Each structure stands twice: as structure tokens, then as C-alpha cells.
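Here are my notes on this model, point by point. Have a look at the structure alongside them.

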Amino acid sequence: MQAKQIVPRIGLEATTAKIEGTRGKLKCLVERGWLDEDTPGRFTLARHDGDADRGNSRCPRGSSP
């Protein structure tokens, strides 16, 4: 799914600011191993094939995606 599809489904107003903020959070979830981004801007649940936690996230600590 794309961020612009997710925003209204989670009850946010579909403004550019909300879409971009959500996209940033989705990218953090990719770095943490929760999501995959197969093509730019399209997010899916991560496929775990025995990989360990990716760690070393560039996402700010304390922010909750």
C-alpha cells in the first residue's frame, strides 16, 4: 500500500503533511524490519525468512511509528 492509501484508513485527513509524515514513519518501520518496500513508496508486511533484527535504525529513538 502507499502512504496516501493508508492515511485515510487510519482516520487522518489526507493532506500532504499527513501523507509525508506517515511515509516517514513507514520508512522507519522498513528499517526496523516490520515492513518491506519492494518498490519506492509501496509498503508491505515484512517477509521474515530467518533474518535477525536489523537494528542500527536511523529512526529517531523515542518516536513511535
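1. Glu37 comes out as partly exposed, at 26% relative accessible area. For the cut-offs, buried means under 20% relative accessible area, exposed over 50%, and partly exposed in between, with a 1.4 Å probe and protein chains only. Lys27 is partly exposed too, with a value of 35%. These two form a salt bridge, with 2.9 Å between the closest N and O atoms. The pair links distant parts of the chain, since Lys27 sits in helix 2 and Glu37 in strand 1, 10 residues apart. By salt bridge I mean a side-chain nitrogen of Lys or Arg within 4 Å of a carboxyl oxygen of Asp or Glu.

2. Before going on, keep in mind that this is a predicted model: local features need pLDDT of at least 70, side-chain atom pairs count only at pLDDT 80 or more, and totals for chains, interfaces and linings use all residues. Residues are numbered from 1 along each chain as its sequence is written, and side-chain values use heavy atoms, with hydrogens and water left out.

3. How many salt bridges does a search of the whole structure find? It finds 4. Another of them joins the side chains of Glu20 and Arg23, at 2.4 Å from N to O. These residues are 3 apart in helix 2 (residues 16–31), so about one helical turn separates them. Glu20 is partly exposed at 43% relative accessibility, and Arg23 is partly exposed as well, at 24%. Helices here are DSSP runs of H or I with at least four residues, strands are runs of E with at least two, and both are numbered from the N terminus.

4. Then take a look at Asp36, whose side chain meets that of Arg47 in a salt bridge (3.7 Å, N to O). Asp36 lies in strand 1 and Arg47 in the segment after strand 2, so the contact ties together parts that are 11 residues apart in sequence.

5. On to the nonpolar side. The largest nonpolar core has 9 residues: Ala3, Ile6, Val7, Ile19, Leu26, Leu29, Val30, Leu35 and Phe43. A core here is a set of buried Ala, Val, Leu, Ile, Met, Phe, Trp, Tyr and Cys residues joined through side-chain atoms within 4.5 Å.

6. Last, Thr22. This residue is placed in helix 2 and counts as buried, at 9% relative accessibility. Which residues does Thr22 touch, not counting those up to four places away in sequence? They are Ile6, Val7 and Leu12, where contact means heavy atoms within 4.5 Å.
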